[in-house]
Amino acid sequence: MIKDHLFPKTIEEALAFLKECKGKARLIAGGTDLIPEIREKESEFEVLVDIEKIKKLKAIREESKKIFIGPGVTFSELEESELIRTNAFALSQAASLMGSPQVRNRGTIGGNIVSAQPAADGALALSAFDAMLEIASVRGTREIPIDKAYLDIGKSIINPSKEILVGIRLEKRKKGEGSNYQRVAMRRAMALPILACGVFVKSTNGLIQSARIAIGPVSNTPFRAKETEGFLEGKSLTPEIFERAGEIASEEVNPRDSRLRGSRIYRKGLSAVLVKRGMEGALANIR
Amino acid sequence: MKGKKQVGKEVVLRINGKEEKVFCQPGETLLYVLRNRLYHTEVKEGCGKGDCGACTVLLDGVPVDSCLVLAYQAQGKEILTVKGLGDPEKMHPLQKKFIEKGAIQCGFCIPGQLLSAKALLEKNSKPSREDIKRAISGNLCRCTGYKKIIEAIEEASEKMSNQ
């Protein structure tokens with residue numbers, strides 16, 4: 001049962017509240033995942049620590065070589081940000097495809113990461129950018145790559161009773177780089193993806209220097225298609241290569257059978273298609 | 001609850017331009033407080049978990065599912081329900097067009113549809129069909145097939161921008 005709902009104004013104050021409550025408090029951001037959970041089952045926590053009034057967590061800004069995204073930024077804000085569209089097109093696309101307008105107006109990118117669903121659109125796109133996460137606790141802050149943030153379905157290494165995700169950083173886009181996000185769902189709005197895929201490509205003179213491909217849900221956590229990424233290194237940006245990359249991706253993913261959201265075989269086949277389309281989209285996005 | 005202090009406090013919510021004081025408990029959704037504590041039954045409860053949009057209200061002008069917002073979080077914000085849009089004597093052009101076009105059948109999704117449409121027209125006075133579809137994509141309707149709803153919003157936008 002929830003006994004209190006606090007609105008700290010700073011990160012320090014929020015951390016102090018969490019500490020005071022000794023594991024009985026939980027951080028709340030947009031609440032789009034947490035609120036139905038509170039209603040459905042007896043919650044283990046008694047105090048909600050709300051990040052809404054912490055301004056630092058709600059900014060999108062340029063740093064010298066990086067883009068800083070506050071974890072309290074909503075999907076709508078991400079979708080509308082020119083800075084994100086220019087620097088991280090795939091993230092902009094992912095933000096516009098997730099949920100419904102109502103959910104995008106409340107749901108935050110930080111919550112999307114901490115909730116750790118394998119097909120979380122925002123988190124999946126960020127994975128393709130090798131985003132870095134800054135996590136604060138009373139002991140100080142640490143920075144980890146997003147791919148190290150997940151433990152299992154619905155479980156990230158960020159403990160919302162002790163720690164706060166305080167920053168997300170990606171490299172600014174450079175010449176020769178492009179990205180794209182692909183998503184297939186039962187409906188075009190308000191449906192979880194059957195499969196989604198974020199692609200980032202870095203190229204020089206028509207050759208791929210490196211590629212990053214994140215796919216979900218094909219594993220317990222957002223999945224990086226490392227074999228496909230390895231294959232793409234040094235290859236040319238041609239339809240034949242994209243086709244082959246798709247085939248390799250469909251071999252390395254390990255999706256589950258879902259009677260509602262597609263069989264394993266279907267999702268494997270779809271992985272090939274979305275990786276190929278994602279590569280085409282990323283190529284078109286290269287500047 | 002014997003021997004336990006009742007948790008909760010009085011909060012002030014600004015609903016349709018009027019401040020309303022209400023006792024509520026932390027963890028209670030805005031939807032629950034609006035309906036069960038303040039009798040704003042014009043806000044409809046559908047799925048209760050953000051999948052249907054029936055409980056849509058505008059919070060500082062943007063559509064949200066009131067089942068996914070806690071009442072405590074709505075303090076200090078402007079809440080608009082369909083009753084704040086207009087009443088039978090003074091209807092909003094959207095409300096008039098919904099009736100004229102026959103966009104209302106069972107009516108359950110309509111408060112949400114109207115508020116999503118209102119938020120759209122505030123931002124974009126001449127939306128395309130695609131813009132309209134996207135704006136109401138979070139509001140499920142099981143009767144109309146959306147066609148008449150989309151037409152009603154389109155005609156209301158034309159009427160409003162001609163005024």
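Colleague: How far apart do the C-alpha centres of domain 1 of chain A and domain 2 of chain A lie?
Modeller: This is a predicted model. Chain A is divided into domain 1 (4-50), domain 2 (55-171) and domain 3 (177-285). For domain 1 and domain 2 of chain A, the separation of the C-alpha centres is 19 Å.

Colleague: Which helix of chain A gives the most to the side of domain 1 that touches domain 2?
Modeller: The contact involves 19 residues from domain 2 of chain A and 15 residues from domain 1 of chain A. On the domain 1 side, at least two residues each come from strand 2 (25-28) and helix 1 (11-20) of chain A. The most, five residues, comes from helix 1.

Colleague: How many residues on the side of domain 1 of chain A that touches domain 2 of chain A are nonpolar, polar and charged?
Modeller: Domain 1 of chain A brings 15 residues to this contact. Of the residues on that side, three are charged, four are polar and eight are nonpolar.

Colleague: Is L94(B) buried or exposed?
Modeller: L94(B) sits in helix 3 (residues 93-100) of chain B. A residue needs 20 or more other C-beta atoms within 10 Å to count as buried. L94(B) has 26 C-beta neighbours inside 10 Å, so L94(B) is buried.

Colleague: Which residues is L94(B) in contact with, leaving aside its neighbours within four places in sequence?
Modeller: Two residues are in contact if their C-beta atoms lie within 7 Å. With neighbours within four places in sequence left aside, the contacts of L94(B) are L114(B), A117(B), K118(B), I153(B) and A156(B).

Colleague: What distance separates the C-alpha atoms of L94(B) and E155(B)?
Modeller: Along the chain, L94(B) and E155(B) are 61 residues apart. Their C-alpha atoms are separated by 8.4 Å.

Methods. Residues are numbered from 1 along each chain as its sequence is written. Chains are lettered from A and ligands numbered from 1 in the order in which they are written. This is a predicted model: local features need pLDDT of at least 70, side-chain atom pairs count only at pLDDT 80 or more; totals for chains, interfaces and linings use all residues. Domain bounds come from an automatic or database domain assignment. Helices (H or I, at least four residues) and strands (E, at least two) are DSSP runs, numbered from the N terminus. Ala, Val, Leu, Ile, Met, Phe, Trp, Tyr, Cys and Pro count as nonpolar, Asp, Glu, Lys and Arg as charged, and the others, Gly among them, as polar. A residue is buried if 20 or more other C-beta atoms lie within 10 Å of its own, exposed if 12 or fewer, and partly exposed in between; C-beta atoms are placed from the backbone.
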